[in-house]
Amino acid sequence: MSYRRNTVADEGRIERDLASSGWCWLEPDEAVFARDILACLGPLLPTQSGTDHHDLVPYTRKNAPTLSMSAQTGLDAQPRHTDAAFLPRPPRYIALQCLKVGEGFCPTILWPIQIRRLSRKRPPILFNSRWVSTAAGHSPMYCYVAEDGEDGLRIRFDPLSMRLLPSSYWELHDVEIMLDEYTNRVECIWKEGALLIINNWTCLHARGEGAVASPSRVLRRWAVGVI
Ligand SMILES: [Fe+2]
């Protein structure tokens, strides 16, 4: 992997952070050429409108795009989630760059999974509870929260697009408690130009409280696939 073209980012640190921590933060001066940095990680996945990025702004429930998370949460804090959890193979990385901080305080929250510990302990509630993804516009799909993929252990969780099967022994609350046991909570406080890259397979994320007081907040979002 090389970042020689139009970038001042430390390529070794990005790779290490994404593999070991599940996320990587780049200061504004390191992230001027965000798109070039991301294109080195993998293919930038097209949005529904055909561009390679989407600018996220706070929406009320009424004004939000129909299939967006904001159509369900509005300006409230979001639940922690994997982006595009309804896809058989969600994007490998999600990147957010702050274009406008906004008027108030509205952080992005991360929950990196303790992957090594999870691999050792393999709690049945995360490996064996069966879910169905029911996102609008996508075929229903059975899935698990923790799955062994060809690239290692992978996490998939989105309480707004995934439902436990009615026959499940467990309930959502039980799963949330178990996720708490295998995650830490990290608060990312935005600066204009900063870039946050999230390993979407090992780190959950969400917009925190504060969108209602930050109507001008804009984050540019990219989704990165697998090379
Ligand atoms: Fe998200």
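**Terms and the values behind them**

Mentor: Let us begin with a pairing: β3 and strand β13 (residues 218-224) run antiparallel to each other and are joined over 7 bridges. This is a predicted model, in which local features need pLDDT of at least 70 and side-chain atom pairs count only at pLDDT 80 or more, while totals for chains, interfaces and linings use all residues. Residues are numbered from 1 along each chain as its sequence is written, and side-chain values use heavy atoms, with hydrogens and water left out.

Trainee: What makes β3 and β13 a pair?

Mentor: Two strands pair if DSSP finds at least two bridges between them, and β3 and β13 have 7 bridges. Within this pairing, Ala95 has Trp222 of β13 as its bridge partner, and Cys98 has Leu219. The strands themselves are DSSP runs of E with at least two residues, whereas helices are runs of H or I with at least four residues, and both are numbered from the N terminus.

Trainee: What is the order of the open sheet of 5 strands?

Mentor: The order is β1-β11-β3-β13-β2, with antiparallel pairing.

Trainee: Why are β1 (23-26) and β2 called edge strands?

Mentor: Each of them pairs on one side only. From one strand to the next, the twist averages 20°, where axes are lines fitted to C-alpha atoms, for helices over the stretch in contact, and angles run from 0 to 180 degrees between N-to-C directions. Helix α1 (residues 11-20) lies across β1, β3 and β11 and runs at about 145° to β1.

Trainee: Why is β11 described as largely enclosed by the rest of the structure?

Mentor: Buried means under 20% relative accessible area, exposed means over 50%, and partly exposed lies in between, with a 1.4 Å probe and protein chains only. In β11, 5 of the 5 residues are buried, so the strand is largely enclosed by the rest of the structure. Leu195, Ile197 and Asn199 are buried on one side, and Leu196 and Ile198 on the other. Strand β3 (residues 93-100) is mostly covered, with 6 of its 8 residues buried.

Trainee: How do you know whether Ser214 counts as buried or exposed?

Mentor: Its relative accessibility is 0%, and therefore Ser214 counts as buried. Ser214 is placed in the loop between β12 (203-207) and β13. Its side chain reaches the backbone oxygen of Gly210 at 3.3 Å.

Trainee: Why does Pro65 count as partly exposed?

Mentor: Pro65 has 36% relative accessibility, and therefore counts as partly exposed. Pro65 is found in the loop between β2 and α3. Leaving aside residues up to four places away in sequence, Pro65 touches Tyr59 and Ala71, contact meaning heavy atoms within 4.5 Å.

Trainee: What is the order of the open sheet of 3 strands?

Mentor: This sheet has the order β6-β5-β9, with antiparallel pairing. Its edge strands are β6 (141-143) and β9 (162-164), each pairing on one side only. Neighbouring strands of this sheet are turned by 35° against each other on average, direction ignored.

Note on methods. Polar contact = N/O pair within 3.5 Å; in protein donor to acceptor, adjacent residues only side chain to side chain.
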